[in-house]
Amino acid sequence: MIVGTAGHVDHGKTALVRALTGVDTDRLREEKERGISIDLGFAYLPVGDRSILGFVDVPGHERFIRNMLAGATGIDFVLLVVAADDGVMPQTREHVAILDLLGVERGLVALTKVDLVSTERRAAAEREVRRALRGTKLAAAAVVAVSPVTGEGVEALRAALAAAAGIARPRAVHGRFRLAVDRCFSLPGTGTIVTGPVLSGAVAVGDVVVVSPIGLRARVRSIHSQNRPAERGVAGERCALNLVGDGVTRHAVARGAVAVDPLLHAPTERVDARMRVLASEAKALAHWTPVRLHHAAAEVAARVAVLDERPIEPGASGRVQLVLDKPIAAAVGDRFIVRDTTGTRTVGGGRFVDLRPPQRRRRTIERLALLDALEREDASEALRAALDRWPHYVDVEAFARDRALDERETQQLLDSVPNVRLPLGDTAVAVSQDTLRRLGAASRAALEAVHRAHPELPGLAPAQLRAAVDVRLPERVFAAAMRALVESGVLSSDGGSLRLPEHRLALDERDRRAWLRIAPLLSGGARFRPPRATEIAAELRLPAAEVRRVLKALARQRVVIEVALDRFFERATVDELEGIVICVARAQDNGRFAVWQFRDRLDNGRKIAIEILEYFDGRGLTLRDGDLRRLNPRRLDLPGTGTES
Ligand SMILES: Nc1nc2c(ncn2[C@@H]2O[C@H](COP(=O)(O)OP(=O)(O)OP(=O)(O)O)[C@@H](O)[C@H]2O)c(=O)[nH]1
Ligand SMILES: [Mg+2]
């Protein structure tokens, strides 16, 4: 368990840690000279058989709040120190507010310097503390009266801490490894050491980590956990890692870095978050306010884009997009603190919701609805809700990575949320079963309409189909969804186009081979005078019945048209002939033309020319007028010149 101190300057935090552990954490000369803490101090206290308490002693002076923030990350338990003589002071309140925003729920209040005050003052101070904690996560914390000077209460406090450590449920021991670096130094003969709390997961000697966001790879040569040599370091412990790797030096790595499992290294400069503005603020937090953002042990300049309609009032919470000056190594659910640009006030803080938000259209109704979903703390609830709304798909790998989930947790997540995984290059996206069903239904409806209007077409290209359905997905995701629908038999695909499986009255293999031989006889130079089915049969040495069956089947799909008994033309040829008829008719002064005029244009036999014209008579394109023909004026009013009714 990691215990962090908190409280106003000079209230006795360092003295109390020394009384508990025997360690003076004020190591710097300046700290000694000025009698105040400036930077973080660390001390350890073995309790019980195996447990070791790690103490992070923070400075109380308002000028060093940034150091306090670096230390408060990763603590499980707070020791709030309030001097009984002074009572609750400004940084008592500010630290309490910060701890509340950081989500620290467990702690004790040490009412110190009780040797200096009367029993009445003691009681009054305790009442002040109670009032100050009201409404915070620490409202029920026990208050222990202590004095390192007389020794009163120190043993009771140590026992209370040991008891708390005994029931401490370790923070995220699950998840992939992350350690928030609060110190980096080098030891002669050992090399570069980074220290900090392990935020999630575990690390073992020999593991490779990446120092994020700078992206230096390093091998873990040795580990100290809670100040003792160890093979492993786990969440909830302070660890020192001896790192070896190219460029890994104490100059390259600084407080604020995060040592992570290489798979988690994905810095971000833009984060959507839920943020609460402290009630102590004088005015509402306006859009695009410049701030200092504190996350883990890092501090970075940022702007706050308010995503809700109005500025966030003091005491209220709202949705924001944090636009950072420099990238950070974060995880969804991480807490952050926002201070003003001069570093004199804590403005508020909250939790990260989405590490990859869009820059544009970040406040649309759809986007805010998605944020509502992603805000749910439980990963499977967040995923379930996200799958239910725009954009209707979730990049599973990014989702798991940004929550620092390990492989087993990711698998559990996917098992617990009904979804369909669509492979997409190296990664995969998940869609809900309902989305896939709706996509299937919409695609089928669109294809049905197309097949009806254009039975001769094989179907639609994916891009055309995507434009025709109302479930909007990015091209790659849509293509992946179509593959899934084809695999499950909802749709079929042929040579790049999608169709209803029942669309093609499938020619069986033998018929298809026959058609491949027949087709050339109907196309090219011979297309205006194709042989009859019987002639085709004779030429190809096929049974006439078979040739006829194949051609009839294709005629049902409008691939060919039976213009005269037993004589089939390709559909495109019929369209071409129609154009020629119109052309010939229009070339005549009175619009009337004879068979021979048409025949000459085709260089065809008279018999076939008559068959074709009779077909057009039948379709209503032309009208007989004795031996002559003219175009049917009613037909020509129609747009296009298609002969299909
Ligand atoms: N009489 C008395 N003096 C105390 C007690 N605890 C601390 N002090 C004194 O109060 C002064 C401040 O104590 P520190 O422990 O340095 O206070 P701190 O909270 O660590 O201060 P910062 O880290 O600078 O915020 C020192 O001179 C201590 O000796 C106590 O219980 N009784
Ligand atoms: Mg101190």
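# Close-up views of a predicted model

**View 1. The surface and outline of the whole chain.** The accessible surface of the chain comes to about 29,500 Å². Carbon and sulfur atoms account for 50% of that surface. The model shown here is predicted. The chain has 645 residues, and 53% of them are buried. Its C-alpha atoms fill a box of roughly 130 × 50 × 40 Å along the principal axes. The radius of gyration is 39 Å, whereas a compact globule of 645 residues would have one near 26 Å.

**View 2. Make-up of the fold.** The chain holds 20 helices and 32 strands. Take the contacts between residues at least 6 apart in sequence: 66% of them join residues at least 24 apart. Charged side chains number 96 positive and 84 negative. The centres of these two sets lie 2 Å apart.

**View 3. Two residues across the chain: E105 and A538.** E105 sits in the loop between α4 (90-101) and β5. Its relative accessible area is 47%, so E105 is partly exposed. A538 lies 433 residues from E105 along the chain.

View 4. T112 belongs to strand β5, which covers residues 106-112. Its relative accessibility is 1%, under the 20% cut-off, so T112 counts as buried. What does T112 touch, leaving aside its neighbours within four places in sequence? The contacts are H11, L16, V81, V82, A83, A84 and V146.

View 5. The bond from S212 to P213 is cis. Its omega is near 5 degrees. P213 is in the loop that lies between β11 (208-212) and β12 (216-225).

**View 6. Strand β18 and its two partners.** Strand β18 (residues 289-295) runs antiparallel to strand β19 (residues 298-306). Seven bridges join β18 and β19. In this pairing, L293 stands opposite V300 of β19. β18 and β19 form a hairpin with two residues between them. In the turn, A296 has a positive phi of about 50 degrees. β18 also pairs with strand β21 (residues 335-339). That pairing is antiparallel too, with four bridges. Here R292 stands opposite R339 of β21.

**View 7. Helix α7 and its cover.** Helix α7 spans residues 365-374. Which residues of α7 are buried? They are R367, L368, L370, L371, A373 and L374.

View 8. W390 and P391 are joined by a cis peptide bond. The omega angle of this bond is about 0 degrees. P391 lies in the loop between α8 (379-387) and β23 (394-395).

**View 9. R541, a positive phi in an exposed residue.** R541 is not a glycine, yet its phi is positive, at about 55 degrees. R541 is placed in the loop between α15 (533-540) and α16 (544-556). Is R541 buried or exposed? Its relative accessible area is 76%, over the 50% cut-off, so R541 is exposed.

**View 10. D566, a positive phi in a buried residue.** D566 has a phi near 70 degrees, a positive value in a residue other than glycine. The loop that holds D566 runs between β28 (560-564) and β29 (567-570). D566 has 11% relative accessibility, so D566 counts as buried.

View 11. Strand β31 (residues 622-625) pairs with strand β32 (residues 628-631). The two strands are antiparallel and share four bridges. D625 has L628 of β32 as its bridge partner. Two residues lie between the strands of this hairpin. G626 takes a positive phi near 65 degrees.

Note on methods:
Residues numbered from 1 in each chain as written. Chains lettered and ligands numbered in written order. Predicted model: local features only at pLDDT ≥ 70, side-chain atom pairs only at ≥ 80, totals over all residues. Heavy atoms only, no water. Rg over C-alpha atoms; globule rule 2.2 N^0.38 Å. Buried < 20%, exposed > 50% of the residue type's maximum accessible area, 1.4 Å probe, protein only. Contact = heavy atoms within 4.5 Å. Areas by Shrake-Rupley, 256 points an atom, 1.4 Å probe, with all protein chains shown as cover. Lys, Arg positive; Asp, Glu negative; His and termini not counted. Charge placed at Lys NZ, Arg CZ, Asp CG, Glu CD. Pairing = 2+ DSSP bridges.
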